[in-house]
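Take a look at the structure below. Then read on for a short report on one chain and its partner.

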Amino acid sequence: MTRPEVWFTIVGMALVTFALRGSFLLAADRTTLRPLVQRALRYVPPAVLAAIVAPALAQPSGAAIGPFDLRLIAGLVAGLVAWRTRGILATFGTGMLTLWGLTWLLG
Amino acid sequence: MLLGAAPFGLITGVSAVAAGMAAVDVTFMSLTVFAGASQLAAIALIGSGAAVWVVLLTVLMINVRHVMYAAALAPHVRSLGLGSRAAIGAVLVDHVYAFASLRFAKRERDLDRRDYVLGLGLTMWLVWTGATAVGAFAGAQLPPSWQLDFAVPLMFLALLIPSIRDRPGLVAALTGGGLALALAGLPYNLGLVSAALAGIAAGTIADTLLAARRGEDA
């Protein structure tokens, strides 16, 4: 992308996001979501986030121990921490430290 | 709350620069978009040379949850003017919604709802944009050997795991993640879009089936 394209994309992102957030607030007259839509919206975060995470972690980075990519190992360790602690910073810190540690060991 | 926004903003700034974006551009993004997870996804897509409409579609999917927040808060702010409601919409991020919905549920008579939401929201917005700027300008000085581009999948992992709250949620995540892996080769990141939609459908169907079974047992 060229830089003007990046700016254009950012403005588009801002408009899309504001349209979603403002939706029911701007049209505040007794509008409600249908139960099926409400139910579906609950599963947007796990579905979308998993669809982003899985290919990103599976992508080979070039550094590996046997068949296991370093980033995949670091991601699995971080995932375990996320599951136990539910903390964003703990997950993030563990993942980066594991990757750095493994990279240093293979040095 | 602010404790979460500051490091998340820092990481967003750092990873944008690692993905090749200009520091000014990602700061502009935080200022105008103000939605962390969707910004991280957009940063990764922009860095990998995706088309504009793919970025916008992905942002739409990640942020569609805000419609739920707006619908939930709308009855509480119906008496406010259009400008106030628009301003509330602009700052209605996850944490602001979480705090506001808890507070509004108490039905306090003397609570100024507009000032409460805008106070929270504007503080978050300033912290978020400031932290992004600091991360972006400092991140530009960091060497590539730090592998900070790994920050993006890690942040998503940190958001993904707590978002799986029940069995239908797990079904949604496994379907979305599995299909995204299988379809990773499709052009225009169509794999991501279709896997996410299939995951949402699978979670909704699982939820409906579980609810029906509970109904029979009762």
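Predicted model: local features only at pLDDT ≥ 70, side-chain atom pairs only at ≥ 80, totals over all residues.

Residues are numbered from 1 along each chain as its sequence is written, while chains are lettered from A and ligands numbered from 1 in the order in which they are written.

**Chain B as a whole**

Chain B has eleven helices and zero strands. Helices (H or I, at least four residues) and strands (E, at least two) are DSSP runs, numbered from the N terminus. The C-alpha atoms of chain B fill a box of roughly 55 × 45 × 30 Å along the principal axes. Of the 218 residues in chain B, 50% are buried. Buried means that 20 or more other C-beta atoms lie within 10 Å of the residue's own; exposed means 12 or fewer, and partly exposed is in between, with C-beta atoms placed from the backbone. Among contacts in chain B with a separation of 6 or more, 72% join residues 24 or more positions apart. Two residues are in contact if their C-beta atoms, placed from the backbone, lie within 7 Å.

**Two spots in chain B**

Helix α6 of chain B spans residues 82-90, and its buried residues are B:R85, B:I88, B:G89 and B:A90. They pack against α5 and α8 of chain B, and also against α1 of chain A.

B:A184 sits in the loop between α10 and α11 of chain B. B:A184 is partly exposed because 16 other C-beta atoms lie within 10 Å. Leaving aside neighbours within four places in sequence, B:A184 is in contact with A:P55 and B:G191.

**Where the chains meet**

In total, 75 residues of chain B are in contact with 58 residues of chain A. Helix α9 of chain B gives the largest share of chain B's side, eleven residues. Helix α3 of chain A packs with α9(B) at an angle of about 145°, with axes 9 Å apart. Axes are lines fitted to C-alpha atoms, for helices over the stretch in contact, and angles run from 0 to 180 degrees between N-to-C directions. Among the residues that meet here are A:L49 and A:V53 in α3(A), and B:F156 and B:L160 in α9(B).

The table sorts residues by class.
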